[in-house]
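Work through the exercises below with the sequence and coordinates open. Try each task before reading its solution.

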Amino acid sequence: MGDVAALPTLAELRNHVLEILCRNDNLDPSQTPLRQALITRKGTPCGLFFEVQGPRMLRNFAIWAGDENRILYYNSGGERVAETKLSEAPDPRALAA
């Protein structure tokens, strides 16, 4: 439940999140769209919310807490299923651009 990863770019972060979210329910990452939304605190970007949808109203999601250098993964029932600690990550403030 506590993997460590170096994901220095936003593209690497997205790919990693997609892989983990799909792995829990055996979804094919190449066939599963990843949605994302910006998370802000007091108007400043601080992370991202990710979501994948599967068959039978399946919705898994993840939250990248940029200031905490970790990603939290949740299943459709809202239970936390995994966590990735980041040794290297993009700057969440750069998401505003």
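The model is predicted, so local features need pLDDT of at least 70 and side-chain atom pairs pLDDT 80 or more, while totals for chains, interfaces and linings use all residues. Numbering starts from 1 along each chain as its sequence is written, and side-chain values use heavy atoms, without hydrogens and water.

**Exercise 1.** Determine the strand order of the open sheet.

Solution. Take strands as DSSP runs (E, at least two residues) and helices likewise (H or I, at least four), numbered from the N terminus. Pair two strands if DSSP finds at least two bridges between them. The order is β1-β6-β5-β4-β3-β2, with mixed pairing. Next, find the edges: β1 (3-6) and β2 (34-41) each pair on one side only.

**Exercise 2.** Which strands does α1 lie across?

Solution. Look for contacts (heavy atoms within 4.5 Å). α1 lies across β2, β3, β4, β5 and β6. α1 runs at about 30° to β5.

**Exercise 3.** Describe the largest nonpolar core.

Solution. Collect buried (under 20% relative accessible area, 1.4 Å probe, protein chains only) Ala, Val, Leu, Ile, Met, Phe, Trp, Tyr and Cys residues joined through side-chain atoms within 4.5 Å. The core has 20 residues; Phe50, Trp64, Ile71 and Tyr73 have the most contacts inside it. α1 gives the most, six residues. Finally, inspect Ile71: among the residues it touches are Leu13, Val17, Trp64 and Leu86.

Terms used. Buried < 20%, exposed > 50% of the residue type's maximum accessible area, 1.4 Å probe, protein only. Axes fitted to C-alpha atoms, helices over the stretch in contact; angles between N-to-C directions. Lists of a residue's contacts leave out its neighbours within four places in sequence.
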